[in-house]
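Subject: Structure for your files

Hello,

The structure is pasted below, followed by notes on what was found in it. Please read the notes with the structure open.

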Amino acid sequence: GTFKNGFKGGVHVIKASETEEYATKMLGQVLVTKQTGEAGKPVNTLLIAKKMTFVAEKYFAILLDRAFGGPVVIACSEGGTSIEDLA
């Protein structure tokens, strides 16, 4: 997504020393994504986690499929924020 102030991306892997800089650009701003539409959603909270090293990455999504009439689980060894496009 892109913030209405021009800042790009809602998820970042950064150095601890950059936390305040990035938080300032995100908090109180409006984030526009595929899911929010052009109106976007205000960002009032940030989740911060320590970076970890992974042995393997797996991606999962649980979608509500109207045609199926219920939840559908998608799993893939590749992916990220748009796993639905890969699966």
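The chain contains an open sheet of 3 strands in the order β1-β2-β3, with antiparallel pairing. β1 (2–3) and β3 (41–42) each have a single partner strand and stand at the edges, so one side of each has no neighbour in the sheet. Strand β2 (residues 30–32) pairs with β3 in the antiparallel sense over 2 bridges, and Leu-31 stands opposite Lys-41 in β3. Strands are DSSP E runs of at least two residues, helices are H or I runs of at least four, and both are numbered from the N terminus. Two strands count as paired if DSSP finds at least two bridges between them.

This is a predicted model: local features need pLDDT of at least 70, side-chain atom pairs count only at pLDDT 80 or more, and totals for chains, interfaces and linings use all residues. Residues are numbered from 1 along each chain as its sequence is written, and side-chain values use heavy atoms, without hydrogens and water.

Overall, the chain has 2 helices and 5 strands, running β-α-β-β-β-β-α from the N terminus. Of its 87 residues, 15% are buried (under 20% relative accessible area, 1.4 Å probe, protein chains only).

Leaving aside residues up to four places away in sequence, Val-43 touches Phe-3, Met-26, Leu-27, Gly-28, Gln-29 and Leu-31 (heavy atoms within 4.5 Å).

Regards

Note on methods:
Buried < 20%, exposed > 50% of the residue type's maximum accessible area, 1.4 Å probe, protein only.
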